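Reader: Could you walk me through this model, one question at a time?

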Amino acid sequence: MSAYRMILVGTDGSDSSFRAVDRAAQLAAATGATLLLASAYSPMPERERASAADRLGDLAYKVQGSTPADDALRAARERAVAAGARDIQQESVEGDAVDVISRLAKERGAELVVIGNRGLNSLAGRILGSVPANLSHRSPCDVLIVHTTDGK
């Protein structure tokens, strides 16, 4: 089995997703793989955007468009560098997390997708499906589901 050359990890800025970033970065550092940090985002409905802009004033840009995803990617990059990853790329894409990650994995030729286990043990996750569970079925490559929560 050859080493992974492209490792994709999804992050939404949560502590759980950052633990997955840490593990993916460690793997990338150990194998010399390129680490692709990915974050999916949904556009904010116009009414919510206007309300946020009224309340946040000059800081409204922080919750609009891809800014929250870009902020998560910047923080993830810092963690990846600290974990020893050297070749790091990042991409924020509008859309559903499972769709975005599986599409990026295919388009960018990822051989491994790393994702946290958050949502696997929740009632909503069991009924509706969680990002890790759905991604494990739709990914075009290997998927590593990292234990990032205490299972509650």
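Reader: In which sense do E1 and E2 pair, parallel or antiparallel?

Author: This is a predicted model, in which local features need pLDDT of at least 70, side-chain atom pairs count only at pLDDT 80 or more, and totals for chains, interfaces and linings use all residues. Residues are numbered from 1 along each chain as its sequence is written, and side-chain values use heavy atoms, with hydrogens and water left out. Two strands pair if DSSP finds at least two bridges between them, and E1 and E2 have five bridges, with Met6 opposite Thr34 in E2. The sense of this pairing is parallel.

Reader: Thanks! How many of the eight residues of E2 are buried?

Author: Buried means under 20% relative accessible area, exposed over 50%, and partly exposed in between, with a 1.4 Å probe and protein chains only. E2 is largely enclosed by the rest of the structure, because the number of its residues that are buried is seven.

Reader: What pattern does the protein chain follow along the sequence?

Author: Helices (H or I, at least four residues) and strands (E, at least two) are DSSP runs, numbered from the N terminus. The protein chain has six helices and five strands. Read in order, they give β-α-β-α-α-β-α-β-α-α-β.

Reader: What share of the contacts between residues at least 6 apart in sequence join residues at least 24 apart?

Author: A contact means heavy atoms within 4.5 Å. Among the contacts in the protein chain that join residues at least 6 apart, the share that spans at least 24 is 73%.

Reader: How does the reach of H3 sit against the expected value?

Author: The expected span of a helix is 1.5 Å times one less than its number of residues. Helix H3 (residues 67-82) has 16 residues, and the expected value is 22 Å. From first C-alpha to last, H3 is close to that, at 23 Å.

Reader: What covers the buried residues of H3?

Author: The buried residues of H3 are Thr67, Ala69, Ala72, Leu73, Ala76 and Ala80. Their cover includes helix H1 (15-31), strand E2 (34-41) and strand E3 (88-94).

Reader: Is Ser102 buried or exposed?

Author: Ser102 has its place in helix H4 (residues 97-108). Beyond four places in sequence, Ser102 touches Leu135, Arg138, Ser139 and Pro140. With a relative accessible area of 10%, Ser102 is buried.

Reader: How far apart in sequence are the parts that Glu111 and Arg5 tie together?

Author: A salt bridge is a side-chain nitrogen of Lys or Arg within 4 Å of a carboxyl oxygen of Asp or Glu, and the count by this rule is six. Glu111 forms one with Arg5, the closest N and O atoms being 2.7 Å apart. Glu111 counts as buried at 18% relative accessibility, whereas Arg5 is exposed at 57%. Glu111 lies in the loop between H4 and E4 and Arg5 in the segment before E1, so the parts they tie together are apart by 106 residues.

Reader: Which residue forms a salt bridge with Asp71?

Author: Asp71 is partly exposed, at 31% relative accessibility. The closest N and O atoms are 2.3 Å apart, and the partner is Arg74.
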